[in-house]
Amino acid sequence: MKDENYFKKYIATIPNFPTEGVMFRDVIPTLENNIVFKDCIDSLAELAEKYDFSKIICADARGFIFGSALAYKLNKGIVLARKPGKLPNPGLEASYTLEYGKNSLLISKGSLLENEKILVVDDLLATGGSAAALIRLVKMSGATPVAAIFYVELPDLKGRDGIKKADDIPVHSLVKFEGE
C-alpha cells in the first residue's frame, strides 16, 4: 500500500470553492494519472479485503468512480446512490447536510437485499453527511454496513462522528488533510 504523501501530490486544493471558506480537495489529478489511480484502487482494495461483503454502495458522483473501480477489482456488485431526479426507479431516500448545503441520496428498489453485507465507499469524508446517508440507505433496506472506506478524509470536519451516529462501523481513509 502506498503512503499518504504519495497520494497527496495528486490531490489539488482549491480555496473558497464551492463557497467562501471551503478548502475543496479535488481528486481529479489522481484520476488523470493512470498509475496513481491504479495505486489508489489497489490500496483501497487492501483496506476492503479485510471485510466480508457482497456489494459496494457509493455516492453520486465521484464516489461512483472509486466504487466502480473497486467493485471491479474485488469482483463485487455495486449500488449507485443517486441525487434526486436521477433514478427511473427510486426506492429509498436519505437526506443529509454537508458543510455548504443539503442534499439527498436515493437507491433503486431492490438494489440491496435483506441481511446482505455492504461496504460504503466514497472519494472524500468531510462532515460524514453523505456517508451517514449511505449507511441509512443500507440499514433501511435491511442490509448490514460492514465498513466505510474513503480516498481522502478531512478529520477537522469530524466526519467519523457523523458516521458513528448512523452506525458504529470501522472507517478507513488513505489520505488525511488535518488542520489544513
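Author: Of the 180 residues in the chain, 49% count as buried, and that's a handy place to start, since both Cys 40 and Cys 58 count as buried. Bear in mind that this is a predicted model. For Cys 40, the relative accessibility is 0%, and Cys 58 also comes out at 0%.

So what about a bond between them? A disulfide is a covalent bond between the sulfur atoms of two cysteines. A search of the whole structure turns up 0 disulfides. Cys 40 is in no disulfide, and the nearest cysteine sulfur, the one in Cys 58, is 13 Å away. Look from the other end: the closest cysteine sulfur to that of Cys 58 is in Cys 40, and 13 Å is too far for a bond, because a disulfide needs the two sulfur atoms within 2.5 Å.

Now for the surroundings. The chain has 6 helices and 9 strands. Its radius of gyration is 15 Å, close to the 16 Å that the globule rule gives for 180 residues, so the chain is as compact as a globular protein of that length. Along the principal axes, the C-alpha atoms fill a box of roughly 40 × 35 × 30 Å. If you take contacts between residues at least 6 apart in sequence, 62% of them join residues at least 24 apart.

Technical notes. Residues are numbered from 1 along each chain as its sequence is written. This is a predicted model: local features need pLDDT of at least 70, side-chain atom pairs count only at pLDDT 80 or more; totals for chains, interfaces and linings use all residues. Side-chain values use heavy atoms; hydrogens and water are left out. Helices (H or I, at least four residues) and strands (E, at least two) are DSSP runs, numbered from the N terminus. The radius of gyration is taken over C-alpha atoms; the globule rule is 2.2 Å times the number of residues to the power 0.38. Buried means under 20% relative accessible area, exposed over 50%, partly exposed in between (1.4 Å probe, protein chains only). Contact means heavy atoms within 4.5 Å.
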